[in-house]
Amino acid sequence: MNSIIYHVGLTPPPKLDYGKFKICHHPVLKVEYESINAPENIRDILHVNPVVLVMSKNAVIGLEKWLHRYDIDDTFFKGATFWTVGEKTHSFLKEALQISSSYPKIMTGDGLIDVLVQNNESRVLLISGSDPRKEFIQSFNVAKLNYFHFPVYTTQVLEASDLSIAFRDTATNFLVMTSPSCIHGLKKNLDIPDLSSLKTKIITIGPTTSEAIRQHSGRVFRESRMPDINFLYENLDDLIS
């Protein structure tokens, strides 16, 4: 019998020939796009020339919906310097909104903050979800970066996920976790207090998610060398061997 890989993140796995693995996408999260910020609030922030930091693909989508909601044209951010955490968000921002951005060589939140500090930046407009990681916000404070949080979406647990029915907790199966938020959805859908009881091997997309797994008493079997879903699945044999 083929091993089952339960992919619980929002973004589905790429369509590849996985051979001996059966890939099952059971998202345990949902996204709702919303923002309480009016254009004049953000315009006031832009007057002090902050770096505009876009944290994820969902942040790009949320920003796009916000611009459309208020019928704002592409000159609103004219002259602003944009950064993203990684190449994928950088490319999606360019594709969706024709906004050019930079991203750090070390494509993590800490890698980005290091670059901002090296560039002597002191002000940031943070475009993200409503609940960014506490550790990330603490890093802003340690680095003495002043930020204004511009949330454009919320991530919520999808309690009606079919994972609870399909899941078979055996040592021959695998869980792919693509963000720390997946942990809360997984615990809710499997009705478990933490991850300590899981026999299924956990594969993570990167160090941030791995650390969150450990904080919830889970064991990380493998971690992708790059925080990218396509890279993870393209190198699945190496991760699982």
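Q: In β8, which residue is the bridge partner of tyrosine 6?
A: This is a predicted model, in which local features need pLDDT of at least 70 and side-chain atom pairs count only at pLDDT 80 or more, while totals for chains, interfaces and linings use all residues. Residues are numbered from 1 along each chain as its sequence is written, and side-chain values use heavy atoms, with hydrogens and water left out. Strand β1 (residues 3–7) pairs with strand β8 (residues 174–177) in the parallel sense over 3 bridges, where pairing needs at least two bridges found by DSSP, and helices (H or I, at least four residues) and strands (E, at least two) are DSSP runs numbered from the N terminus. In β8, the bridge partner of tyrosine 6 is leucine 175.

Q: Which strands are the edge strands of the sheet?
A: The open sheet has 5 strands with parallel pairing, in the order β2-β1-β8-β9-β10. An edge strand pairs on one side only, and this applies to β2 (21–25) and β10 (220–223).

Q: What angle does the direction of helix α8 make with that of β10?
A: Neighbouring strands of the sheet are turned by 25° against each other on average, direction ignored. Helix α8 (residues 207–215) packs on this sheet and touches β8, β9 (201–204) and β10, contact meaning heavy atoms within 4.5 Å. Axes are lines fitted to C-alpha atoms, for helices over the stretch in contact, and angles run from 0 to 180 degrees between N-to-C directions. For α8 and β10 the angle is about 175°.

Q: How many residues apart are lysine 88 and aspartate 228?
A: The side chains of lysine 88 and aspartate 228 meet in a salt bridge at 3.8 Å, N to O, the rule being a side-chain nitrogen of Lys or Arg within 4 Å of a carboxyl oxygen of Asp or Glu. Lysine 88 belongs to helix α3 (residues 87–97), whereas aspartate 228 sits in the loop between β10 and α9 (229–234), and these distant parts of the chain are linked by a pair whose separation is 140 residues.
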